[in-house]
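Welcome! Try each task before reading its solution.

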Amino acid sequence: MKIELTSGAFSESGKEVYLTVEMSEGERREKRSFTLLRAVFEELGLPTPPSEITRENVCELLAADEQYRAIKKAFDILAFGRNSVRTLTDKLRHRGFSDEVAARAAEYMQKNGYLREESDAEREAECCVQKLWGKKRIMLHLHQKGYDGEAFEAAMAYLGEVDFAQLCVKLIRQKYRTLPKDEKERQKVIAGLVRMGYTFSEIKDAARVVEYYKLPGDI
């Protein structure tokens, strides 16, 4: 079988390379098109088209083309919201890419600054605070999102500046206005606040503020 790299061209941005390969055996001919990142193309060291290439070269082109498609899909995923390296890798895997290709695409996005775990983790924590979540729930949420290491530490540094007792006060007043006098109903409210991620100490401090500083109209 004869395999020829028949044409090649750079994209307008210069970041991609479009290649065409023609495989022929007797009267049978087949054409394949590939899109590669320019950096990957240069690493492969392929001859300038038109030139004959090997089966091994075709395998390399197939792998590089799949890597490009995974990176392109990664851009689509990130356009919809923040992702950690782990969650981005998982989403790529669920879209049919192999573990290796998915991991390399996520690594590429992080290495080139398209995915910034530390700032993303901090912004994710900020969003959780805006939802009036307690620290425990936010920490669990960040772990579930795949943030760990320095990214998790960056989020924790931000959370260290948050007054969660005061945040709990805001939640109580927004959701319940005040704490019920009935002990059974009061325990239900406290259980709800615990589920929101607040500690008993924070709830106790918040209750003291809510009950001492009455809102207009409260008896």
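A residue is called buried under 20% relative accessible area, exposed over 50%, and partly exposed in between (1.4 Å probe, protein chains only). This is a predicted model, in which local features need pLDDT of at least 70, side-chain atom pairs count only at pLDDT 80 or more, and totals for chains, interfaces and linings use all residues. Residues are numbered from 1 along each chain as its sequence is written, and side-chain values use heavy atoms, with hydrogens and water left out.

**Exercise 1.** Find which class of accessibility F10 belongs to.

Solution. Start with strand 1 (residues 2-10), where F10 is found; strands (E, at least two residues) and helices (H or I, at least four) are DSSP runs, numbered from the N terminus. Next, take the relative accessibility of F10: it is 43%, so F10 counts as partly exposed.

**Exercise 2.** Work out which residues F10 touches, leaving aside its neighbours within four places in sequence.

Solution. Contact means heavy atoms within 4.5 Å. By that rule, F10 meets E16, V17, Y18 and R38. Now look at R38: it lies 28 residues from F10 along the chain, and their C-alpha atoms are 7.8 Å apart.

**Exercise 3.** Locate R195 and decide whether R195 is buried or exposed.

Solution. Go to helix 9 (residues 183-195), which holds R195. Its relative accessibility is 62%, and therefore R195 counts as exposed.

**Exercise 4.** List the buried residues of helix 3 and some of what covers them.

Solution. In helix 3 (residues 85-94), T87, L88, T89 and L92 are buried. Their cover includes helix 2 (55-79), helix 4 (99-111) and helix 6 (135-144).
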